[in-house]
Amino acid sequence: MARAGLSVAAVVEEAARISDAEGYPNLTLAAVAKRLGVTVPSLYKHVAGLDGLRGQLHAHCSREFAGVLGRAVLGRSGTDALRSLAHAYRDYARRHPGRYAALQRAPAPDDPAGQDAARSVLEVITAVLRGFDLPEESVIDAIRAMRSALHGFVSLEAGGAFGLPQDVDRSFEVLVEMLVRSLSTWQTAPEQER
């Protein structure tokens, strides 16, 4: 049942498709093998079990996500770049729910390829935040705050938590403008003022 030309990239891309269609928690080696028309043991030539596959998928999705965000902010700066990044972030999470879920898995410390891929997303976000002239010691705080806000919104939206009749797109615009205002008027953290 071996398939000629099967590669790590093909296995990981199939895992990404399964994650989007069936949900990241439902990703199994058996599901990937079935979709690729191979046996589960033949996947071990390409990935180190389910944990290895999830690590490869995280790296793949990180590079893909970084590309999406990078294209969204290309040629933009400051508030324009932030707004564009926020919309690209939400769009990716909506179009690729399984891939987005895979991004929430931090790469292992001994996985340099995964660390590099995750860093590629961070570099795009950091470049956008540089347009706000934040103090260097505040950049990580701002990244975490922005990511928490965007992730919280897209996660609640994906889970169907916004049941009130008001327009969800409008609420997202409000969130983005809150981020713009916060970053535009950034103050140092309380412990940095002491």
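Tutor: In this predicted model, Ala, Val, Leu, Ile, Met, Phe, Trp, Tyr, Cys and Pro count as nonpolar, Asp, Glu, Lys and Arg as charged, and the others, Gly among them, as polar.

Student: By class, how many residues of the lining of the largest pocket are nonpolar, polar and charged?

Tutor: The largest pocket has a volume of about 540 Å³. Its lining comprises 20 residues, and those closest to the pocket centre are L103, A118, V121, L122 and R147. Sorted by class, the lining has 12 nonpolar, 4 polar and 4 charged residues.

Student: Which helix supplies the largest share of the lining of the largest pocket?

Tutor: At least two lining residues come from each of helix 4 (49–73), helix 6 (97–103), helix 7 (112–130) and helix 8 (139–158). The largest share amounts to 6 residues, and its source is helix 7.

Student: Is R54 buried or exposed?

Tutor: R54 is found in helix 4. The relative accessible area of R54 is 13%. Buried means under 20%, and R54 is therefore buried.

Student: What is the distance in space, C-alpha to C-alpha, between R54 and V12?

Tutor: In sequence, R54 and V12 are 42 residues apart. In space, their C-alpha to C-alpha separation is 8.5 Å.

Student: Which residue has a side chain joined to that of R54 by a polar contact of 3.3 Å?

Tutor: With neighbours within four places in sequence left aside, R54 is in contact with Y24, P25, L27 and R105. The polar contact of 3.3 Å joins the side chain of R54 to that of Y24.

Definitions and conventions:
Residues are numbered from 1 along each chain as its sequence is written. This is a predicted model: local features need pLDDT of at least 70, side-chain atom pairs count only at pLDDT 80 or more; totals for chains, interfaces and linings use all residues. Side-chain values use heavy atoms; hydrogens and water are left out. On a 1 Å grid over the protein atoms alone, a cavity is a set of points where a 1.4 Å probe fits but cannot get out, and a pocket is an open set with protein on both sides within 12 Å along at least five of seven lines; lining residues have an atom within 4 Å of a point. Grid points are joined across faces, edges and corners, and a volume is the space filled by probe spheres set on the points. Helices (H or I, at least four residues) and strands (E, at least two) are DSSP runs, numbered from the N terminus. Buried means under 20% relative accessible area, exposed over 50%, partly exposed in between (1.4 Å probe, protein chains only). Contact means heavy atoms within 4.5 Å. A polar contact is a pair of N or O atoms within 3.5 Å; within protein, one must be able to donate a hydrogen and the other to accept it, and residues adjacent in sequence count only if both atoms are side-chain atoms.
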